[in-house]
Amino acid sequence: MKKWWIVIIASIVLLLGACSSKDKDSTSKVNDEVSKDNPSGDLAPLDEKVKVVIAEDGSASGAGFYIAKEKGYFEEYNIDVEFAVFSNSDEMLPALASGDVDIAGGVSTASFFNAIAQGIDVKIIADKGHNVPGKSYFTFVIGNQMVDEIKDYEDFKGKKIAISSKNSIDEYIYLEMLKHAGLTSEDVELVLLADFGSMLGAIENGSIDAALQIEPLIAQGIENEFHLRFGDATDYAPESQIAMVLGSPQFMSDEQDVSLRFMAAYLKGVRDYNDAFIKGENKAEIIEIMIKHTSLKDSALWEKVYVTGLDPDGKMFLDDVLKQYDAYKENGAISGEVDFDKAVDTSMTEKAVEILGAYEK
């Protein structure tokens, strides 16, 4: 009998030891060892090649992904990236939450926040699009026939203004402009045109007077003498967070060795983008990469567009994200509450910046 008790106790000790060992493994420290002898010059590559799936549709705001891929920054860490295209965010967000997709881009809309409020678990991790002061890539244009009528924002009174959607960053910027102009929604005629491309024809034929338009259609419309830029969105919405990099919860918490290296490679790509379009360094090379991955295939037009703002350290205007959320909620467009302490996770982005060093502007 005594022998059996010894066996039972020994088994319990072994079982507890196995459990504590497993717990230790699951909470093990992320491998952030830095050595200049590593191929990347910073973080050691992963021991085995890992595939990371990115939901990206060829938008210009995905520049960091495209450049990091073409310049070999992902490969240096033994990461193989694969781009997946979804027809809409309603399909993309569940795939991201389940871990079928690791990284995606999200645009600020009420439906995006609604999805999170209703239990879709995704993490907001870095900047993926904001307006650059004086050179907004997402801003208002007016028809050429309006040049003598609309000289200041208050002149929008009584005019037909098109935006692509309501309860979105589009309507948010539109309403901020009206406040800046001292106008209300009743002072103008709002026209919904879901397709930015259709705004070009509508403004050219005079069926609308102005539109909240996006690059490269802004530059193309100017080239074809359809419209003119009017002011700049940063006149009234200086820190609008238009798009964000999103991560799956599994990728951010269970695969930290991978997510840290992914973010380091991504930021290297974003920094090359800033070097090219802000500092003018290696611009031709970066334009070729953008031509390969986006719908804008005209290198000459790339010299004229106002490009998407991408922070080289991945920083977001989080106060503005909260402001947008509050605006959607006030309009009754959001059901439930979003816990931003849980939804925002910039830890891997910040750790990557610590390793790479802050970008020198």
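Visitor: In β8, which residue is the bridge partner of I142?
Guide: In this predicted model, strand β5 (residues 138-143) and strand β8 (residues 210-214) run antiparallel and are joined by five bridges. I142 takes part in this pairing, and its bridge partner in β8 is A210.

Visitor: In what order do the strands of the open sheet stand?
Guide: Strands of a sheet pair through backbone hydrogen bonds, either parallel or antiparallel. Here the pairing is mixed, and the sheet has five strands. Their order is β7-β6-β8-β5-β9.

Visitor: Which strands stand at the edges of this sheet?
Guide: An edge strand has a single partner strand, so one side of it is left without a neighbour in the sheet. In the order β7-β6-β8-β5-β9, this holds for β7 (189-192) and β9 (227-229).

Visitor: What angle does the direction of α6 make with that of β5?
Guide: Helix α6 packs on the sheet and touches β5, β6 (160-163), β7 and β8. Its direction and that of β5 make an angle of about 65°.

Visitor: Which strands does helix α7 touch, and what angle does its direction make with that of β8?
Guide: Helix α7 (residues 196-204) also packs on the sheet. The strands in contact with α7 are β5, β6, β8 and β9. With the direction of β8, that of α7 makes about 145°.

Visitor: Which residues does M177 touch, not counting residues up to four places away in sequence?
Guide: M177 is one of the residues with the most contacts inside the largest nonpolar core. With residues up to four places away left out, M177 touches F140, Y153, F156, I161 and Y236.

Visitor: How many residues does the other core hold?
Guide: Another core lies apart from the one of 66 residues. Its members include A219, Y273, I289 and L301. The number of residues in this other core is 48.

Visitor: How far apart in sequence are the parts that K128 and E56 tie together?
Guide: The side chains of K128 and E56 meet in a salt bridge, with N and O 3.1 Å apart. K128 lies in strand β4 (residues 123-130), whereas E56 lies in the loop between β1 (50-55) and α2 (63-70). The pair therefore ties together parts whose separation in sequence is 72 residues.

Visitor: Is K128 buried or exposed?
Guide: Buried means under 20% relative accessible area. E56, the partner of K128 in the salt bridge, has 6% and is buried. K128, with a relative accessibility of 3%, likewise counts as buried.

Visitor: Where do E285 and K71 lie?
Guide: E285 forms a salt bridge with K71, their closest N and O atoms being 3.2 Å apart. E285 counts as partly exposed at 35% relative accessibility, and K71 counts as partly exposed at 29%. The pair ties together parts that are 214 residues apart in sequence, because E285 lies in helix α11 (residues 283-293) and K71 in the loop between α2 and α3 (73-76).

Visitor: Which residues are linked with E176 in a network of salt bridges?
Guide: E176 and K179 are three residues apart in helix α6 (residues 169-181), a separation of about one helical turn. Their side chains meet in a salt bridge of 3.1 Å, N to O. E176 is buried at 10% relative accessible area, while K179 is exposed at 59%. The residues linked with E176 in the network are K179 and K323.

Visitor: What covers the buried residues of α15?
Guide: In helix α15 (residues 347-356), M348, T349, A352 and V353 are buried. They cover an arc of only 140° around the axis, so they lie on the same side of α15. Among the elements that cover them are β4, α9 (249-253) and α10 (256-277).

Key: Residues are numbered from 1 along each chain as its sequence is written. This is a predicted model: local features need pLDDT of at least 70, side-chain atom pairs count only at pLDDT 80 or more; totals for chains, interfaces and linings use all residues. Side-chain values use heavy atoms; hydrogens and water are left out. A salt bridge is a side-chain nitrogen of Lys or Arg within 4 Å of a carboxyl oxygen of Asp or Glu. Helices (H or I, at least four residues) and strands (E, at least two) are DSSP runs, numbered from the N terminus. Buried means under 20% relative accessible area, exposed over 50%, partly exposed in between (1.4 Å probe, protein chains only). The arc is that of the directions from the helix axis to the C-beta atoms. Contact means heavy atoms within 4.5 Å. Two strands pair if DSSP finds at least two bridges between them. Axes are lines fitted to C-alpha atoms, for helices over the stretch in contact, and angles run from 0 to 180 degrees between N-to-C directions. A nonpolar core is a set of buried Ala, Val, Leu, Ile, Met, Phe, Trp, Tyr and Cys residues joined through side-chain atoms within 4.5 Å.
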